[in-house]
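Please load the model in your viewer and keep the sequence panel open beside it.

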Amino acid sequence: MARGDINVTVVGNLVADPELRYTNNGTPVANFRVASVPSVYRDGQWVDGDGVYINCSAWKQAGENAVESLAKGMRVIVTGRLKQRSWEKD
């Protein structure tokens, strides 16, 4: 990986079935979204914390495998490079 990459691992559930598309040169890429909601101990009980929704892409054979084997609601572990494409100023 290139210098300065931010490597992350996310554990969560698929929001929808992965979708397979192809680039102009025929390279397969699967896109999917993962929801990760932590449990937080608050007022003597465990409750859902603030969730994070992350858009993911899997390229080539990994993308084809994701489409064939994953479905909405499944628990997944995703590891890869984090890329920020937009941001909002507070």
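**Before selecting**

This is a predicted model, in which local features need pLDDT of at least 70 and side-chain atom pairs count only at pLDDT 80 or more, while totals for chains, interfaces and linings use all residues. Residues are numbered from 1 along each chain as its sequence is written, and side-chain values use heavy atoms, with hydrogens and water left out.

Colour the chain by pLDDT (the predictor's confidence in each residue, from 0 to 100). The average for the chain is 92, and 98% of the residues score at least 70. Helices (H or I, at least four residues) and strands (E, at least two) are DSSP runs, numbered from the N terminus. Among these elements, the highest mean pLDDT, 98, belongs to strand S2 (residues 19–22), and the lowest, 90, to strand S4 (residues 39–42).

**Stop 1: the salt bridge**

Select Glu-19 and Arg-21. These two residues form the salt bridge, with their closest N and O atoms 3.0 Å apart. Side chains of opposite charge can pair when their charged atoms come close. For accessibility, buried means under 20% relative accessible area, exposed over 50%, and partly exposed in between (1.4 Å probe, protein chains only). Arg-21 is partly exposed because its relative accessibility is 49%; Glu-19, at 43%, is also partly exposed.

**Stop 2: Thr-27**

Move on to Thr-27, in the loop between S2 and S3. Its relative accessibility is 19%, so Thr-27 counts as buried. Beyond its neighbours within four places in sequence, Thr-27 is in contact (heavy atoms within 4.5 Å) with Arg-21, Tyr-22, Trp-59 and Lys-60.

**Stop 3: the nonpolar core**

Select Val-10, Leu-14, Phe-32, Val-34, Cys-56, Ala-58, Val-76 and Val-78. These eight residues make up the largest nonpolar core, that is, a set of buried Ala, Val, Leu, Ile, Met, Phe, Trp, Tyr and Cys residues joined through side-chain atoms within 4.5 Å. Strands S1 (6–14), S3 (28–36), S6 (52–59) and S7 (75–82) each give two or more residues to this core. In soluble globular proteins, nonpolar side chains tend to be buried together.

Centre the view on Val-10. Its contacts, leaving aside neighbours within four places in sequence, are Val-34, Ser-36, Ile-54, Val-76, Ile-77 and Val-78.

Next select Gly-12, also in strand S1. Gly-12 is buried because its relative accessibility is 0%. Although Gly-12 and Val-78 are 66 residues apart in sequence, their C-alpha atoms are 8.3 Å apart. Residues touched by Gly-12 include Met-74, Arg-75 and Val-76.

**Stop 4**

Display S4 together with strand S5 (residues 45–48). The two strands pair in the antiparallel sense over four bridges; pairing requires that DSSP find at least two bridges between the strands. Ser-39 stands opposite Asp-48. Asp-48, at 60% relative accessibility, is exposed, and its C-alpha atom is 6.0 Å from that of Pro-38, ten residues away in sequence.

Between the strands lie two residues. Which phi does Asp-43 take in this hairpin? The value is positive, near 55°, although Asp-43 is not a glycine. Most residues other than glycine have a negative phi, and most peptide bonds are trans. Asp-43 counts as exposed, at 76% relative accessibility.

**Stop 4: Lys-60**

Finish at Lys-60, in helix H1 (residues 60–69). Lys-60 likewise has a positive phi, near 55°. With a relative accessible area of 55%, Lys-60 is exposed.

Conventions:
A salt bridge is a side-chain nitrogen of Lys or Arg within 4 Å of a carboxyl oxygen of Asp or Glu.
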